[in-house]
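Open the structure in your viewer and keep the selection tool ready. Please walk me through it, stop by stop: what should I select next, and what is there?

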Amino acid sequence: MGKKTETEVNITFRSMAAADVDAVVRLEAETFSDAWKENMLLDEINNSMTDYFVMEKDGVVIGYAGFWLVAGEAQITRVAVQRTERGEGYGTKLVAALIRRARGLGAKAITLEVRKSNIAAQKVYLTCGFKIMGERPGYYKNTNEAAVIMWLL
């Protein structure tokens with residue numbers, strides 16, 4: 001069998017494990033100005049109110065996402081795709097998987113905050129059915145940037 005074409009790329013999703021934390025720390029560092037550290041990620045994956053999972057491309061972690069689930073509402077905490085894999089539709093695949101997971105666990109509504117300047121992420125969320133419902137001025141303390149509030153009901 002020859003090389004895989006783009007349509008043959010094997011994308012899988014699975015629950016995040018402690019063994020994934022090093023790869024996720026690297027994703028955090030390249031994605032977020034307030035990157036989470038190893039201990040924070042371990043706390044999150046060990047919390048009974050959270051669900052975190054990774055996206056693998058041909059067995060290599062290229063993205064991850066997670067949310068808190070409280071009283072039927074999923075609050076998305078993180079969504080990240082490896083910088084070299086962005087622009088290929090993987091963010092949309094990751095958010096769609098997140099929605100399926102949250103709904104499968106009983107979420108009636110899903111919400112998130114996203115940096116006002118992060119237009120690419122907002123487009124992904126809009127593509128997946130989220131609606132812009134407001135703004136939180138100065139939400140991101142490290143930059144004083146506003147957050148756009150989005151909901152999927």
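The expected span of a helix is 1.5 Å times one less than its number of residues. Helices (H or I, at least four residues) and strands (E, at least two) are DSSP runs, numbered from the N terminus. This is a predicted model, where local features need pLDDT of at least 70, side-chain atom pairs count only at pLDDT 80 or more, and totals for chains, interfaces and linings use all residues. Residues are numbered from 1 along each chain as its sequence is written, and side-chain values use heavy atoms, with hydrogens and water left out.

**Stop 1: helix 3**

Select residues 90-104, which form helix 3. Turn the view until you see the helix from the side. Its 15 residues should span 21 Å at 1.5 Å a residue, and the end C-alpha atoms are 21 Å apart, so the two values agree.

Now colour the buried residues. Buried means under 20% relative accessible area, exposed means over 50%, and partly exposed is in between (1.4 Å probe, protein chains only). In helix 3 the buried residues are Tyr-90, Gly-91, Leu-94, Val-95, Ala-97, Leu-98, Ile-99 and Ala-102. An α-helix has 3.6 residues a turn, so residues three or four places apart point the same way.

Step past the end of the helix. Gly-106 follows helix 3, and its phi is positive, near 100 degrees.

**Stop 2: the largest pocket**

A pocket is found on a 1 Å grid over the protein atoms alone: it is an open set of points where a 1.4 Å probe fits, with protein on both sides within 12 Å along at least five of seven lines, and lining residues have an atom within 4 Å of a point. Grid points are joined across faces, edges and corners, and a volume is the space filled by probe spheres set on the points.

The largest pocket has a volume of about 850 Å³. It is lined by 32 residues, and Phe-32, Val-79, Asn-118, Ala-121 and Tyr-125 are the closest to its centre. Select those five to find the spot.

Which element gives the largest share of the lining? Strand 4 does, with seven residues. Strand 4 (73-81), helix 3 (90-104), strand 5 (109-115), helix 4 (119-127) and strand 6 (131-140) each supply at least two lining residues.

Colour the lining by residue type. There are 16 nonpolar, nine polar and seven charged residues. Here Ala, Val, Leu, Ile, Met, Phe, Trp, Tyr, Cys and Pro count as nonpolar, Asp, Glu, Lys and Arg as charged, and the others, Gly among them, as polar.

**Stop 3: salt bridges**

Show the charged side chains. A salt bridge is a side-chain nitrogen of Lys or Arg within 4 Å of a carboxyl oxygen of Asp or Glu. The whole structure has nine of them.

Select Glu-28 and Arg-78 first. Their closest N and O atoms are 2.9 Å apart. Glu-28 is buried at 0% relative accessibility, and Arg-78 is buried at 7%.

Next, pick Arg-115 and Glu-145. This salt bridge has its closest N and O atoms 3.4 Å apart. Arg-115 lies in strand 5 and Glu-145 in strand 7 (residues 145-152), so parts 30 residues apart in sequence are tied together. Arg-115 is buried at 15%, and Glu-145 is buried at 19%.

Then select Arg-14 and Glu-56. Their side chains meet in a salt bridge of 3.0 Å, N to O. Arg-14 is in strand 1 (residues 11-15) and Glu-56 in strand 2 (residues 50-57), 42 residues apart. Is Arg-14 buried or partly exposed? Arg-14 is partly exposed at 30% relative accessibility, whereas Glu-56 is buried at 13%.

**Stop 4: Ile-11**

Stay in strand 1 and select Ile-11. Ile-11 is partly exposed, at 21% relative accessibility. Contact means heavy atoms within 4.5 Å. Leaving aside neighbours within four places in sequence, Ile-11 is in contact with Met-55, Glu-56, Lys-57, Ile-62 and Tyr-90.

**Stop 5: two loop residues**

Select Asp-58, in the loop between strand 2 and strand 3 (60-70). Asp-58 is not a glycine, yet its phi is positive, about 50 degrees. Asp-58 is partly exposed, with a relative accessible area of 39%.

Finish at Ala-71, in the loop between strand 3 and strand 4. Ala-71 is not a glycine either, and has a positive phi of about 50 degrees. Ala-71 is exposed, at 84% relative accessibility.
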